[in-house]
Amino acid sequence: MFRLKNVRKYFRKNLKNFCQSTSLHGFSYIARTDLTKTERMFWIIAIFTAIVTCVALVLATYFWNFNIPTVTVIDSSHYPIWQVPFPAITLCNFNKISKRKALQLLKIMRRPPNITEPQILNSFQMMVHYKTSRSDFHLNIELMEKVLKLNNWTLGDLREKLMPNCLEMMMKCVWKGSEQRCDNLFQRIPTLKGQCCSFNYYGEYKNNFPVKIHYQIPKHPYRVTGCGYTTGLTLLLDPMVDDYIASGFSVYGFSLVIHDPYNMPDENAETKLVTSSTEGFIRISPESTYATESVREMDVNLRNCLFTNERTLRIMQRYSFVNCLAECRINYAQKKCNCVLVTENLFKDENKTECSVREHHCLMENNEIFNKVFNDFNKTLLRIQSPSTTNFPCNCRPDCESNHYTSELSSGKLNLKLSVNASNKKPVTYKNDNILLHAFFGDLVATRYRREIYTTELSDLANFGGILGLITGISIVSAFEFIYYFTLRPIFNYFNNRFADL
């Protein structure tokens, strides 16, 4: 009992000394003898309120920093454009079936009895537009099965025989002021829009250039060191108006997709429509985002983004959010209809066969798969907004680093006499339906963004120290004062008193 009284005595004495000498705000008023008990109680309540406020603000700051682990800021608005790859430019003709090829095929193919050519042509068109939602599309499954069986074709064979060759629509190609063979610049690639021709595309592991020119193809995407249409890509295109038979538009021309060279040409990319008898100037403004090493060292679940080499995809050689979601949608379609997509032929799986006519009809009935990210959600907007980015399908996460290309299209009526240089490597027959297209960087500088950690340990220390210092005056010295008065000094006093008694 005596020892307990001594402990209380030492504690009260040291607490009084601490309050009188500490640098913390307001504590000195608690130990002043010239103040009344009511005044001292007022300061005790004020100090207690300040401490509670400090704890609440520190916790709020901590959880705020935890929920926003990274931040993207403008690093430079004068980043040289030669440090950013020139975008891939993918051209897809509005027409999906060559009229010439279809009529030639009708002459040599075997037809079921009592079936007319218009009926077969109509069935061909139905097979092309399986991703559109038109109520008047009613595929005659039995007819198509008979046609394929009689001619010993698969759907892939039929589509290959009918689709137009986009390389044949390119009359002239000029890259950085030098005319080149179009088949040396463009390759035919499968996309969700059908077969298209793409320039500067490095998305897949293998390219579709002829084997004899593989050694000429650069290992990395093209870059430019200047701006203006003379330093970019110039194309003279023939939409082949007379060959149209299956188009989703009421005009003739191409859809032009501007995207990252390593990304699949998807619907999210910049898309422009160029129509016949026009000359178009596409001014491209690149934007580049990079991440600091501190972001790379963070846990993936905390930063919630992936670098290109942190995940391997089935067909695309680099990971990106766009590529991951595109593969996810196609995998979802294959799982639902249990077959490999014939139209795109993007993914070949040994465990699955090519789509039959009936399975292809399954794709037609579920065409919304290709237009949505969350295919399992209903149309309620609130429910779609609720998932966080960590709940994207197939565990697809946003990109830590990316290149984005915004563009502006200016077009006018084409005058071939003024627009086309007379000197050509090969004779070209120009038509009034031709399209002249220029794609180029519009400036010598680009905008570069930096993704970095929102707060570091040093900034957390500064934030917390600022809050504590502003409200209560807590500092590192205050911590040493507390340790001294409630640990070291009682011990020293105890031994000093004991030696004094001896």
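On a 1 Å grid over the protein atoms alone, a cavity is a set of points where a 1.4 Å probe fits but cannot get out, while a pocket is an open set with protein on both sides within 12 Å along at least five of seven lines. Lining residues have an atom within 4 Å of a point. Points are joined across faces, edges and corners, and a volume is the space filled by probe spheres set on them.

The model is predicted: local features need pLDDT of at least 70 and side-chain atom pairs pLDDT 80 or more, whereas totals for chains, interfaces and linings use all residues. Numbering runs from 1 along each chain as its sequence is written, and side-chain values use heavy atoms, without hydrogens and water.

There are 3 cavities of 30 Å³ or more. The lining of the second largest cavity includes Asn184, Tyr201, Phe209 and Tyr222.

In the table, Ala, Val, Leu, Ile, Met, Phe, Trp, Tyr, Cys and Pro count as nonpolar, Asp, Glu, Lys and Arg as charged, and the others, Gly among them, as polar.

| Space | Volume | Lining residues by class |
|---|---|---|
| Second largest cavity | about 50 Å³ | 7 nonpolar, 2 polar, no charged |
| Largest pocket | about 830 Å³ | 16 nonpolar, 12 polar, 9 charged |

Of the 37 residues lining the largest pocket, Asp260, Glu401, Ser402, Asn403 and His404 are the closest to its centre.
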